[in-house]
Every structure is written in structure tokens, then in C-alpha cells.
Amino acid sequence: MISISRNTTLPGKQTRAYELLELAAVFGEFPSELLTRLSGGASYKETIVTTLKRQGLIKTYYKDGRRGLRPTITAKRLLIADNPDRFSFFMDENSDTNHIRSEPHRRDRLHRIAEANVTMKNAGVSIFRDERPSLSCLSNLSINAPAFYSSREIKDLGIVFDKVKSTRLVGLLLSERNIFVAYNFGNSIIRTWAYKTEMRAKAIIENEFCRKPHSTQYSVKNIKGLIFGNSMELAYDVLANTTKQYFLLDDNYENFYFVTNDERGEMLLQLLCRPDLCAKLDALLSEDLCPADRGALIENDAMTTDGYPVLFAYKCDLRRIRKFDTALTTQKRQGIIYCFDYQAEVLSRYCSDAVEFQTLDYEKTERRFFS
């Protein structure tokens, strides 16, 4: 039986205090810098943290220049008693999120997982276990709304997934149509990859989610790569340093999208999960263009009246962008890329002079599709 002090209670479920507490519990440690990603003013959130500390529900952990907020034992007991379906898994005695190691690389990974989860949550993706279908029985899996499953949950599925414990993926985003294998760079690019491990992880995901007889929702072509990063500058690093990033840019994934860990990335993530909205945006962009030339040697989404290929690159698919630029250079042709305004500087710096850029206003797009 769980023993709980009668003098301590949880904040109301619809409050920002409860939101912070539940996120800290699920992640094991909530990075302090992520407080800016939660709604509310800075002083308001500081007051929330102070109050939770005073109530004995949260504590600060600081080491190696990184500060995080951790739930106390009292908070864990209260949360499990309040909602065992949501919290028990992450507070198991053997859970990494319940017994956090102090080594910098272990904390860094937990922080990157937390970062990706916050981006998911702010984009309307379900991240809590009691709000989305369980992966415990893949034969009955039915995804009708975007749901994110952390690497901790994926690796807990059984002996097959034990073979990829050293993968750098932070989780799987399942939408109604696609599976996104998610990685998070955070503030700095991943310099080294265990290539065979990442390929083994992809093969297992293909087999378990797509190839087995019970796998009816997804096909292998529906598996996409997804990179999170704290700035568009990291996208440039991936594109420019091809010798070190071959796992991301070779033929392992047909698509590898780059999404920033901020409000702009949250909107892009919503678009990636909604092919119908992407189709509407593509239709708007195509109004003054000719249909795509599917027989062309250069990949394109439309053609200009003068015969120039056009790529709709607002999804920031790094593989398509590189292939488009390379093909134009090789064939000594000109082409046009459409992207969001916040993506343009980095992409134009990478691409050759063969590419002309047309920008979409991020704020106007957000108002049109999501206000």
C-alpha cells in the first residue's frame, strides 16, 4: 500500500503546476530551459516552481552546468495513486526515469527525449500512455490520431527490441498514415553513429509494424526519418557534412525531415501529421505553376511555365533538398525551392547558385491553417 502524507496534495489537473509535475515525472527530469516552451509568462512559471518546491513535490538537480527539475518521492506516490495508467510505467523500480544516473551523457539523453516530447505535446501529439493506444499488442494497434512513443517504451516491447538498446532514436511518432523514426540533436549535431545498430532498429520496426501478417495499417514506404534540432543551423551541418552524416542522407530512409524544437517546428510537425493540410498548401503553391513532370530526371513537385523544376521544400526533407540541388548542378539547370521564411537562410547557404528561393510566411501560414 502507498503511504502518502495527508498534508500534501497534487495541484488541480487543469493547472500549469500539474502539467509541469506530470512532465517531470514521465521524463524523470524536466530540463529547466524547457520552461520557456510551456505556456504562461516567465514570472508565473517561476512562481509555480517555487510553490511546488515549497510543497515538497519537486526539487532542483544541478550538475555539469545543467539544471533540471525532478519529482520527489512524495510527488511520485501521489501521481501513481492519482493515475497509475499514466505514471506507473515510468516509476518502476528498474526504470531509467525513476533512477536517473548522474553521468552527463545519460542526463543529456533524458533531456533530449524530454525536448522531443515537449515539441510533440505542443503540436497536439499524444504522449501519455493513458491517452493513446498501447503498443503491448501490435496486432490490435489502430492509430487514428498522432501518438508518440518514447524509446524507453519501444525497447520495453520484448526481446526483439532488446537488440537495439544502443540506438540513438528518441521514439516513434505514429500518425494515421506514417511512422516517423525520431532523433533529437538538441543543441549540437550527433557526430558519430552506430550505423549497424540504427539499420537494425529500422529493420525491426519494418518487420514488427509493417511486414508481419497482423500489420495492416502501415507499409514499409510509410516509414520516415525525423530529426529534431534546436536551430536550423543544425540542418546545415547535416547537409554540409555528408561524410559524417551518411546514415541520414543515404538511401536508408526515403524521407528525412528536419523539425526545430520551437513553435515553428510545432506547426511543421502538425503539417507532417496531416497530409490533407499539406495537399491544400501544395495546391495553393501550385496555382501559378504547371503540373509536376514525373518523367523528369530532376525530382519536382511542379514546373514553371518556362520549364524550371520546382521543389516544395517547406517540410524540410533534407534528402530531397540535397538530391534536387545535386541534380540541378549535375545537369547545369536552374530550379526553384519553396520553403518557409525561417528555413530560407540556411537552405540557400547550402544550395548552389542553380537554386532560386521563394519563401512562405510562417506566421501567415499558421493563421490560415491552425488559427
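Helix α11 passes helix α14 in a right-handed crossing. This is a predicted model, and the exercises below start from that crossing.

**Exercise 1.** Find which residues of α11 and α14 make the contact.

*Solution.* Start on α11, where Leu277, Lys280, Leu281 and Leu284 take part. Then turn to α14, which contributes Thr365, Arg368, Phe369 and Phe370. Sorted by class, the contact has 5 nonpolar, 1 polar and 2 charged residues.

**Exercise 2.** Decide whether Phe369 is buried or exposed, and list its contacts.

*Solution.* Phe369 sits in helix α14. Its relative accessible area is 16%. Buried means under 20%, so Phe369 is buried. Setting aside neighbours within four places in sequence, Phe369 is in contact with Leu277, Lys280, Leu281 and Leu284.

**Exercise 3.** Compare the reach of α5 with its expected span.

*Solution.* Helix α5 runs over residues 104-122, which is 19 residues. From first C-alpha to last, α5 reaches 27 Å, close to the 27 Å expected at 1.5 Å a residue. Among the buried residues of α5 are Leu110, Ile113 and Val118. Just after α5, Gly124 takes a positive phi of about 85 degrees.

How values were computed:
Residues numbered from 1 in each chain as written. Predicted model: local features only at pLDDT ≥ 70, side-chain atom pairs only at ≥ 80, totals over all residues. Heavy atoms only, no water. Helix = DSSP H or I, 4+ residues; strand = E, 2+ residues; numbered from the N terminus. Expected span 1.5 Å × (residues − 1). Buried < 20%, exposed > 50% of the residue type's maximum accessible area, 1.4 Å probe, protein only. Left-handed = near helix turned anticlockwise from the far one by under 90°. Contact = heavy atoms within 4.5 Å. Nonpolar A, V, L, I, M, F, W, Y, C, P; charged D, E, K, R; others polar.
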